[in-house]
Amino acid sequence: MSEKTDEMKKLAAIAADMTLPVDLRTRAIEQLGNISTHEALLALLELAANEKLPVKERDLALKKAREVIKRSSPQ
């Protein structure tokens with residue numbers, strides 16, 4: 001379980017690192033969305049609230065957060 005937490009922390013750090021290329025940050029956001037845990041949802045929401053990130057990346061993080069919520073919600 002701690003492996004997944006470490007992976008999420010690394011992905012969140014990559015997604016927020018403005019020195020890295022856009023495509024790498026975008027892939028990190030997408031991977032966080034694929035994890036679909038509560039912790040990943042919180043990381044995505046934190047990225048969406050990060051005013052230092054470009055709007056496009058913040059929107060992607062919010063979109064992925066919505067997808068995580070939909071997958072975890074009972075029908």
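Me: How many salt bridges does this model contain?

Reply: Side chains of opposite charge can pair when their charged atoms come close. In this predicted model, with a cut-off of 4 Å between the side-chain nitrogen and the carboxyl oxygen, the count is three salt bridges.

Me: Which residue does Asp23 pair with, and at what N to O distance?

Reply: Asp23 forms a salt bridge with Arg27, at 3.2 Å from N to O. The position along the helix should be read next: the two residues are four apart in helix 2 (residues 22–35), so about one helical turn separates Asp23 from Arg27.

Me: Are Asp23 and Arg27 buried, partly exposed or exposed?

Reply: Asp23 has a relative accessible area of 44% and is partly exposed. Arg27, at 46%, is likewise partly exposed.

Me: Which residue meets Glu57 in a salt bridge?

Reply: The partner of Glu57 is Arg25, with an N to O distance of 2.6 Å. This pair links distant parts of the chain, since Glu57 lies in helix 4 (residues 55–72) and Arg25 in helix 2, 32 residues apart. As for accessibility, Glu57 and Arg25 are both buried.

Me: Where does the pair Lys64 and Glu67 lie, and what is its N to O distance?

Reply: The side chains of Lys64 and Glu67 meet at 3.5 Å, N to O. Both residues belong to helix 4; they are three residues apart and therefore separated by about one helical turn. Lys64 is buried, its relative accessible area being 14%, whereas Glu67 is partly exposed at 26%.

Me: Which residues of helix 1 are buried, and which are exposed?

Reply: The buried residues in helix 1 are Met8, Leu11 and Ala15. Because they cover an arc of only 65 degrees around the axis, they lie on the same side of helix 1. Ser2, Glu3, Lys9 and Lys10 are exposed on the other side of this helix.

Me: What covers the buried residues of helix 1?

Reply: The covering elements include helix 2, helix 3 (38–49) and helix 4.

How values were computed
Residues numbered from 1 in each chain as written. Predicted model: local features only at pLDDT ≥ 70, side-chain atom pairs only at ≥ 80, totals over all residues. Heavy atoms only, no water. Buried < 20%, exposed > 50% of the residue type's maximum accessible area, 1.4 Å probe, protein only. Arc of directions from axis to C-beta. Contact = heavy atoms within 4.5 Å.
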